[in-house]
Amino acid sequence: MAAKLLCALLLLIIQLRLSFSGEVNSLQSVPDLEKSMYIVVDGYPCVRLLNLSGEIGCSNPGPGKVVAPIIRFKFANKLVRSSTILVSLDEFNSLLLRVSNDSNFARNIAGVLVESRTQNELEGFSPDKKFPQAEFAPYASKNYQWNPTGSGVMWNSYNFPVFLLSQSSTSTLQQVAIKNEKNKKAYTADVAEFDLVMQTTKAGTRDSESCLKEATCLPLGGYSVWSALPPINILSPESSKPIILAMASMDSASFFRDKSLGADSPISGLISLMAAVDALSRVDGVNDLAKQLVFVVFTGEAWGYLGSRRFLLELDQRSDAVNGLNKTLIETVMEIGSVGKGFDQGVKTFFAHTTGASSATNDSVTALQLAQDSLKTESIKISTANASNPGLPPSSLMAFLRKDSQTSGILLEDFDTSFINKVYHSHVDDLSNINSSSIVAAASLVARTLYILASDNKDFSASALSAIHVNVSLVEELLGCLLACEPGLSCGLVKHYVSPVNTCPSHYVGVIVGEPSSTPYPAYVGDVTRFVWNFLADKTSLPSKNASSACPHNCSNTGEICIRVEADGKGVCVVSTTRYVPAYSTRLNFESETWKVLPQNTSDPMGLMDPVWSESNWNSLQLRVYSVQNATYDHLILLVGILVTVLAYLAIVMVRTFISKALKRD
């Protein structure tokens with residue numbers, strides 16, 4: 001009997017070998033084998049961020065990978081085992097709310113996969129608060145709702161990994177989840193494996209101060225850029241003209257680290273400012289204006305106004321990064337905020353939010369109205385923001401006001417009493433959320449307003465004003481470069497100045513690497529920041545005295561810098577006052593290759609509320625899907641294996657006994 005069973009087992013093995021021989025022959029290497037076993041999923045992770053009081057964001061709960069079967073949220077009413085939840089963006093807030101309110105449900109969530117969806121399919125999704133960064137507001141109404149659709153979910157801590165799926169991966173994972181639901185009684189299941197292990201979790205450093213001390217994280221930050229038109233002669237006593245400061249931001253935020261486009265908020269304002277600089281650079285006599293134009297592009301504004309606050313501190317310290325700028329000469333500040341949605345029934349509508357009544361502020365409003373009048377054929381409407389507003393909406397201008405309550409400033413936005421951008425600080429604030437004609441209109445207003453202000457509101461002619469034209473093609477090109485993957489940062493305009501590391505743009509601030517400097521190592525500066533620096537340096541420059549000089553070695557004359565060196569390896573020397581300014585918390589100091597948190601300074605009211613944001617280090621961020629057998633089936637296989645082994649042993653004993661008896665008879 002045992003002999004017959006053994007023969008049957010050998011026959012089964014031979015048949016299995018023959019049936020799989022074609023598949024085995026197709027696997028030529030270990031990578032081929034892995035590719036056949038695993039599906040590597042494209043996605044954008046939510047990562048762990050820290051501040052002085054704790055953590056936000058997402059991470060694996062421990063030092064190892066997380067593996068769990070995939071089910072859809074609508075079938076996850078009662079979770080009885082650890083599961084990966086596949087959820088639509090519409091249901092994402094509901095899922096996170098249930099996690100907060102139901103500990104039993106939260107305990108069985110191993111990870112979350114969020115389906116990709118376009119902004120046009122959403123009524124609204126903003127993971128930020130209803131009053132973003134209210135603690136920095138220069139007024140008391142902290143409960144005002146500038147962002148009515150805000151849920152605040154991005155400011156919570158989640159002890160499970162969360163990935164936003166790409167469009168193609170969404171389709172794949174939906175099929176996987178449906179397969180699992182249909183095969184509930186099958187012996188295999190498709191699982192997601194999350195490798196989202198954070199160094200701060202492994203080391204147990206749960207706040208910024210401890211993780212910076214143990215080097216398991218780095219501070220959020222980067223580099224802001226400022227440029228003067230015309231260049232400032234820092235050696236001349238004549239360089240004391242009043243300053244008109246125009247500024248915008250270049251960083252955004254979202255729940256998912258590498259999917260922070262911020263098309264309306266704030267990149268539409270950045271593009272408007274860049275187009276305005278380009279338009280002003282082509283105006284005759286711009287070098288002879290009565291006042292000095294200075295343009296600033298901040299980064300880190302979404303994380304406690306890191307850029308603007310550090311810029312103001314550098315001005316106080318008169319550091320090399322702001323050499324040539326005197327804060328006492330700043331007469332008026334004009335900020336370009338969200339201007340990508342100011343288009344309603346053919347009319348481009350914008351709102352002027354002001355810092356309060358002063359002669360300089362009144363001059364700014366007058367200049368804005370004059371600029372509007374000069375653009376009558378463009379159907380542009382400017383309105384003063386509602387007087388019932390508690391003050392300025394969230395903006396860099398808040399930092400200036402907290403520093404000096406007498407600051408004269410004006411903020412140009414596409415909304416009045418609350419954001420019309422329903423996807424503020426969301427990954428779906430993308431190119432489809434804005435209108436290029438609105439950005440062109442805003443750029444035209446900004447360029448002409450700045451020209452009027454720099455002309456002291458009187459020394460300009462209508463013909464000079466009408467000669468200021470925004471390059472519509474430039475705006476369209478910047479939109480494609482900064483807000484899409486095609487062409488993305490590989491577009492001709494960006495490659496004219498720099499050699500980008502990435503193709504798809506993301507405007508998350510990132511972390512500051514190495515010692516902060518006004519002349520940072522290029523590899524430590526992001527693609528977009530290097531592009532903005534080169535673009536502004538080019539547009540605000542004068543030709544070098546030695547036009548044939550290659551750089552960087554021959555840019556030796558005063559005020560000369562080297563631009564476009566990444567593009568061709570040679571570059572060109574120009575006379576330009578364009579500089580990098582480090583952007584990081586004013587509560588941090590870098591010494592002996594280590595970041596240290598400084599004590600609170602009562603003379604810095606915004607520093608008292610500074611969270612000191614940092615980002616955890618990690619080794620890899622990966623998500624993959626594969627099939628596993630049910631544990632019960634594994635146990636059954638084990639028992640069968642033991643039984644086969646026992647039977648084989650008995651068969652061998654019986655065969656040996658039979659052979660021994662046969663030999664004795666012979």
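## The Cys485–Cys504 disulfide

A disulfide, that is, a pair of cysteine sulfur atoms within 2.5 Å, joins Cys485 to Cys504 with an S to S distance of 1.9 Å. Cys485 lies in the loop between α15 (472-483) and α16 (492-497), and Cys504 in the loop between α16 and α17 (527-539), so the bond ties together parts that are 19 residues apart in sequence; helices (H or I, at least four residues) and strands (E, at least two) are DSSP runs, numbered from the N terminus. The torsion about the S-S bond of Cys485 and Cys504 is about 130 degrees, and the disulfide is therefore right-handed.

Cys485 is partly exposed at a relative accessible area of 34%, and Cys504 is likewise partly exposed at 42%, where buried means under 20% relative accessible area, exposed over 50% and partly exposed in between (1.4 Å probe, protein chains only).

## Basis of the values

The model is predicted, so local features need pLDDT of at least 70 and side-chain atom pairs count only at pLDDT 80 or more, whereas totals for chains, interfaces and linings use all residues. Residues are numbered from 1 along each chain as its sequence is written, and side-chain values use heavy atoms, leaving out hydrogens and water.

## Two further disulfides

Cys551 and Cys562 are joined with their sulfurs 1.9 Å apart. Cys551 lies in the loop between β20 (542-543) and β21 (560-563), while Cys562 is in strand β21; Cys551 is buried at 6% relative accessibility, as is Cys562 at 15%.

The sulfur atoms of Cys211 and Cys217 are 2.0 Å apart in their disulfide, and both cysteines are buried.

## Overall pattern

A search of the whole structure finds six disulfides, which, with bonded cysteines counted along the chain, follow the pattern 1-2, 3-4, 5-7, 6-8, 9-11, 10-12.
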